[in-house]
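Visitor: Could you walk me through this one, please?
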Amino acid sequence: MRAVRRPFRSARALTPTARVRRLRRRITVLFALTSAAGLVAMAVLAVRSDGVRWREQLDQA
């Protein structure tokens, strides 16, 4: 007979305080990821926009 493997986390129900902490941590991580993605998108947009303007100025000269 094979031994039944237990899941990584315990099977016990979390207390309300633990659930709130876990939710707070998840919200914090999601906010950080969203902010990082927004920052990267804005940087890419700024670099492309600057490149277009630089080419326009070069063509005018």
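Visitor: What kind of model is it?
Guide: This is a predicted model, in which local features need pLDDT of at least 70 and side-chain atom pairs count only at pLDDT 80 or more, while totals for chains, interfaces and linings use all residues. Residues are numbered from 1 along each chain as its sequence is written, and side-chain values use heavy atoms, with hydrogens and water left out.

Visitor: How many helices and strands does the protein chain have?
Guide: The protein chain has one helix and zero strands, where helices (H or I, at least four residues) and strands (E, at least two) are DSSP runs numbered from the N terminus.

Visitor: And how far apart are the end C-alpha atoms of helix 1?
Guide: They are 66 Å apart, which agrees with the 66 Å that its 45 residues should span at 1.5 Å a residue; the expected span is 1.5 Å times one less than the number of residues.

Visitor: Does helix 1 lie buried or in the open?
Guide: Helix 1 lies largely in the open, because one of its 45 residues is buried. Buried means under 20% relative accessible area, exposed over 50% and partly exposed in between, with a 1.4 Å probe and protein chains only.

Visitor: What about L30, is it buried or exposed?
Guide: L30, whose place is in helix 1, is exposed, with a relative accessible area of 54%.

Visitor: Changing topic, where is R22 found?
Guide: R22 is found in helix 1, which covers residues 16–60, and R22 is partly exposed, with a relative accessible area of 30%.
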